[in-house]
Amino acid sequence: ARIAVFASGQGSNFTALLEAEREGRLGKARIVLFVSDRPEAPAGRRAEEAGVPTLLLRPKDFSDRGEYEAAIVEELQRQGIDLIVLAGYMRLITPVLLSPFAGRILNIHPSLLPAFPGKDAIGQALAYGVKLTGVTVHIVDGGMDTGPVVAQRAVEVLETDDAASLAQRIHAAEHELYAKVVAAWSEGRIELDGRQAKTGGL
Ligand code: GRF
């Protein structure tokens, strides 16, 4: 399966996926394209170091969001991309990108959805005072962190935690889980029936 990873930021999940592929833990998935909306994103350097071709498009160079996404879709289709993996891509996806890739876009979010959607889920969890939070991989639909859940991992909130220490354990859980989900997807082990994703116990 030909995978495009989208990222706007640090790229730690992207790096973890590259590492998983190198180590043979990504199933039949091949990361063949990196897509970013931010030239200054550190994730771009990871792509360069790993020799992954990069599509860098700035939304402000396009007349609207639809035009921007249409340009992305054209390139994805040209390259025969099977699956889009969002890894800290900080934009809502519109139907222009969603329709041709319906059910074939994954996102990872640093909470146990539906708790704490949106920005700064880790800060939200700390502020709320939950004892348990975690990470979620889900199929992307038109909403903000609302699509069908594919897999989740719980992460305990410790009394000694601050945002940095909790984020560190959440990211470790993300890196492990995302590679497993992408591998499962690439091997046809994820079956979607409405909101119910059957994964054979991911
Ligand atoms: C991750 O916490 C992910 O869950 C969220 O954005 C963050 C990206 O981190 N969607 P990184 O760029 O992969 O380090």
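Me: Two strands pair if DSSP finds at least two bridges between them. With that settled, which residue of β3 stands opposite valine 35?

Reply: Leucine 55 does. Keep in mind that this is a predicted model.

Me: Noted. In what sense do β2 and β3 pair, and over how many bridges?

Reply: They pair in the parallel sense. Three bridges link β3 to β2, which covers residues 30-36.

Me: Zoom out. What is the strand order in the sheet?

Reply: The order is β3-β2-β1-β4-β5-β6-β7. That is seven strands in an open sheet, with mixed pairing.

Me: Which strands stand at the edges?

Reply: β3, residues 54-56, and β7, residues 149-156. Each has a single partner strand, so one side of each is left without a neighbour in the sheet.

Me: And what does the twist average?

Reply: From one strand to the next, the twist averages 20°.

Me: Remind me what holds strands together in general.

Reply: Backbone hydrogen bonds pair the strands of a sheet, either parallel or antiparallel.

Me: Switching to the ligand. Which residues come nearest?

Reply: Gly9, Gln10, Ser12, Asn13 and Gly88. They belong to a set of 14 residues around the ligand.

Me: Which elements each supply at least two residues of that shell?

Reply: α1, residues 12-22, and β5, residues 105-109. The largest share comes from α1, with three residues.

Me: How does the shell split by class?

Reply: Seven residues are polar and six are nonpolar. One is charged.

Me: Stay on α1. How do the axes of α1 and α2 sit?

Reply: They come within 9 Å and cross at roughly 20°. That angle is under 35 degrees, so α1 counts as roughly parallel to α2. The crossing is right-handed.

Me: Which residues make that contact?

Reply: α1 brings Phe14, Thr15 and Leu18. They meet Ala43, Arg46 and Ala50 in α2. By class, the contact of α1 with α2 has four nonpolar residues, one polar and one charged.

Me: Where does α2 run, by residue number?

Reply: Helix α2 covers residues 42-50.

Me: What about α1 against α6: what are the axis distance and angle?

Reply: The axes come within 9 Å here and cross at roughly 50°. That makes α1 oblique to α6. The handedness is right-handed. Helix α6 spans residues 163-186.

Me: Who touches whom there?

Reply: From α1, it is Ser12, Asn13, Ala16, Leu17 and Ala20. From α6, it is His171, Glu174, His175, Tyr178, Ala179 and Val182. The classes in this contact of α1 with α6 are six nonpolar, four polar and one charged.

Me: Now α5 and α6. How do they cross?

Reply: Their axes come within 10 Å and cross at roughly 120°. The two helices are therefore oblique to each other. The crossing is right-handed. On the α5 side, the contact is made by Ile122, Gly123 and Leu126. On the α6 side, Ala163, Leu166, Ala167 and Ile170 take part.

Me: And the classes in that contact?

Reply: Six nonpolar, one polar and no charged residues for α5 with α6.

Me: What about phenylalanine 116: what is its phi?

Reply: Near 55°, a positive value in a residue other than glycine. Phenylalanine 116 also lies in the loop between β5 and α5.

Me: Why flag those two features?

Reply: Because most residues other than glycine have a negative phi, and most peptide bonds are trans.

Notes. Residues numbered from 1 in each chain as written. Predicted model: local features only at pLDDT ≥ 70, side-chain atom pairs only at ≥ 80, totals over all residues. Near = placed C-beta within 6 Å. Helix = DSSP H or I, 4+ residues; strand = E, 2+ residues; numbered from the N terminus. Nonpolar A, V, L, I, M, F, W, Y, C, P; charged D, E, K, R; others polar. Axes fitted to C-alpha atoms, helices over the stretch in contact; angles between N-to-C directions. Parallel < 35°, antiparallel > 145°, perpendicular 65-115°, else oblique. Left-handed = near helix turned anticlockwise from the far one by under 90°. Contact = placed C-beta atoms within 7 Å.
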